[in-house]
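Okay, thanks for making time, everyone. I'd like to walk you through one structure today, so let me put it on the screen.

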Amino acid sequence: MKLVLLGPSGAGKGTQAKQLSKVFGIPHISTGDILRGHITRSTEIGQQIEHIMDTGKLVPDAIVIELARERVAETDCVRGFILDGFPRNLYQAEVLCEMALGIDRVICIRLDDEVIIKRMSGRFSCPACGAVYHTEYYPPKVTGICDTCGNELIQREDDKESTVANRLRIYHEMTEPIISFFYEKNILTEVNGLGSAEDITDQIIKLFRED
Ligand code: AMP
């Protein structure tokens with residue numbers, strides 16, 4: 001099964017992709033993770049894109065398309081895959097179709113901007129152990145301090161409210177046109193991103209039972 005998950009950052013694409021990857025036994029391919037990996041390893045690509053990702057802008061098509069193309073050609077993808085974060089603009093969507101991989105379905109997780117801003121800008125993480133907290137939904141016992149290791153919590157650059165708002169603007173401008181592109185190809189399904197992660201996973205799994 002070859003699946004694409006669409007939706008703004010913060011709508012829960014990553015969470016759903018991880019869950020669906022377990023359920024269907026196919027790899028979860030996140031271009032964001034691949035790109036962050038390059039930054040961590042300080043590769044040539046990593047050095048080129050670090051400042052772009054910090055501001056929430058899109059990484060150049062040529063770089064992302066090549067990385068996605070290489071990843072889907074790996075042997076673990078023969079039975080299928082879940083693409084999360086790719087394609088992100090109309091050009092990438094067209095190139096993906098030209099790859100003729102046979103995408104079965106594109107699932108778009110919908111969520112209002114205000115909900116996303118509240119979700120994302122409340123997120124704080126521990127630089128030492130990686131634990132993630134939320135000021136409202138999952139606060140640490142002591143404000144600003146990690147429950148597990150006692151370190152001071154930080155807010156990731158790309159979770160800051162101004163960056164989140166910028167990413168949403170880019171999503172509406174660049175990524176949203178993909179929705180009608182796939183709708184016209186008759187492979188788009190929209191899912192409401194409100195509600196628990198488990199409920200949303202169940203909704204998506206049900207879609208495949210109906211197919
Ligand atoms: P994500 O983890 O999917 O939210 O992606 C984090 C960041 O990686 C984005 O804000 C972009 O800077 C970059 N990125 C991820 N996927 C793509 C893509 N398909 N095209 C361009 N930039 C991307």
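I'll take the ligand first, then the salt bridges, then the aromatic pairs.

Before we start, keep in mind that this is a predicted model.

So, the ligand. There are 16 residues around it, and the ones that come nearest are Thr31, Arg36, Lys57, Gly85 and Gln92. If you sort the shell by class, you get six nonpolar, six polar and four charged residues. Which helix gives the most to that shell? That would be helix H2, residues 31-40, with four residues.

The side chain of arginine 36 has an N or O atom 2.9 Å from an oxygen atom of the ligand. Serine 9 also points to a ligand oxygen atom, in the sense that one of its polar side-chain atoms lies 3.2 Å from an oxygen of the ligand. With glycine 85 we're talking backbone: an N or O atom there lies 2.9 Å from a ligand nitrogen. And how much of the ligand does the protein cover? Taken on its own, the ligand has 480 Å² of accessible area, and the protein covers 95% of that.

Okay, salt bridges. Searching the whole structure turns up nine of them. I'll pick out a few.

Let's begin with aspartate 84 and lysine 13, whose closest N and O atoms are 3.8 Å apart. This pair links distant parts of the chain: lysine 13 is in helix H1, residues 13-24, aspartate 84 is in strand E3, residues 81-84, and they're 71 residues apart. Buried or exposed, these two? Both aspartate 84 and lysine 13 are buried.

Now look at arginine 69 and glutamate 66, a salt bridge at 3.7 Å between the closest N and O atoms. Here both partners sit in helix H4, residues 61-72, three residues apart, so to speak about one turn of the helix. Why do we call arginine 69 partly exposed? Because its relative accessibility is 38%, which falls between the 20% and 50% cut-offs. Glutamate 66 is partly exposed as well, with a relative accessible area of 38%.

Next, arginine 123 and aspartate 159, where the side chains meet in a salt bridge at 3.2 Å, N to O. Arginine 123 is in strand E5, residues 123-125, while aspartate 159 is in the loop between strand E6 (132-134) and helix H7 (161-175), so this pair ties together parts 36 residues apart in sequence.

Last topic, the aromatics. The whole structure has three aromatic pairs. Tyrosine 133 and tyrosine 138 have ring centres 5.5 Å apart and planes at 10 degrees, so that pair is stacked; the cut-off for stacked is under 30 degrees. Tyrosine 133 is buried, because its relative accessible area is 3%. Then phenylalanine 181 and phenylalanine 182 make an edge-to-face pair, 5.2 Å centre to centre with 80 degrees between the planes.

Methods: Residues numbered from 1 in each chain as written. Predicted model: local features only at pLDDT ≥ 70, side-chain atom pairs only at ≥ 80, totals over all residues. Heavy atoms only, no water. Near = heavy atom within 4 Å. Polar contact = N/O pair within 3.5 Å; in protein donor to acceptor, adjacent residues only side chain to side chain. Areas by Shrake-Rupley, 256 points an atom, 1.4 Å probe, with all protein chains shown as cover. Helix = DSSP H or I, 4+ residues; strand = E, 2+ residues; numbered from the N terminus. Nonpolar A, V, L, I, M, F, W, Y, C, P; charged D, E, K, R; others polar. Salt bridge = Lys/Arg side-chain N within 4 Å of Asp/Glu carboxyl O. Buried < 20%, exposed > 50% of the residue type's maximum accessible area, 1.4 Å probe, protein only. Phe/Tyr/Trp six-rings, centres within 6.5 Å; stacked < 30°, edge-to-face > 60°.
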